[in-house]
Amino acid sequence: MRVFTTRLGTAIEPRKINRHFYPIRERLGLEVRFHDLRHTCVTLLLGLGIPPHIVRDIGGHSAWT
């Protein structure tokens, strides 16, 4: 599953995402890593009552530990 794609639907190089994310983060005064967004997504999905096996697949976790 691709979360970020170009207008053509191809994968975006991860470093390119970082080049855009970190300046925005600094402008907003946030101290969050890009990876932290994954954990936030998982927490929000679980809070909405999405079944854990679906959240696991969306978050890319292979197993709950």
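Trainee: In what order do the elements of the protein chain run from the N terminus on?
Mentor: They run α-α-α. The protein chain has 3 helices and 0 strands; both are DSSP runs numbered from the N terminus, helices being H or I with at least four residues and strands E with at least two.

Trainee: What kind of model is this?
Mentor: This is a predicted model, where local features need pLDDT of at least 70, side-chain atom pairs count only at pLDDT 80 or more, and totals for chains, interfaces and linings use all residues. Residues are numbered from 1 along each chain as its sequence is written, and side-chain values use heavy atoms, with hydrogens and water left out.

Trainee: At what angle do helix 2 and helix 3 cross?
Mentor: The axes of helix 2 (residues 34-47) and helix 3 (residues 52-59) cross at roughly 160 degrees and come within 10 Å. Axes are lines fitted to C-alpha atoms, for helices over the stretch in contact, and angles run from 0 to 180 degrees between N-to-C directions. Helix 2 is therefore roughly antiparallel to helix 3; angles over 145 degrees count as roughly antiparallel, under 35 as roughly parallel, 65 to 115 as roughly perpendicular and the rest as oblique.

Trainee: Which residues make the contact?
Mentor: From helix 2 they are R38, V42, L45 and L46, and from helix 3 P52, V55, I58 and G59. Contact means heavy atoms within 4.5 Å.

Trainee: And by class?
Mentor: The contact of helix 2 with helix 3 has 6 nonpolar, 1 polar and 1 charged residues. Ala, Val, Leu, Ile, Met, Phe, Trp, Tyr, Cys and Pro count as nonpolar, Asp, Glu, Lys and Arg as charged, and the others, Gly among them, as polar.

Trainee: New topic. How many salt bridges does the structure hold?
Mentor: It holds 3 salt bridges, each a side-chain nitrogen of Lys or Arg within 4 Å of a carboxyl oxygen of Asp or Glu. D36 and R33 form one at 2.6 Å, N to O. E13 pairs with R15, the closest N and O atoms being 3.2 Å apart, and D57 pairs with R56 at 3.7 Å.

Trainee: Is R15 buried or exposed?
Mentor: R15 is exposed, at 58% relative accessibility. Buried means under 20% relative accessible area, exposed over 50%, and partly exposed in between (1.4 Å probe, protein chains only). E13 is partly exposed at 40%.

Trainee: What about D36 and R33?
Mentor: D36 is partly exposed at 21%, and R33 is partly exposed at 48%.

Trainee: What share of the protein chain is buried?
Mentor: Buried residues make up 11% of its 65 residues.
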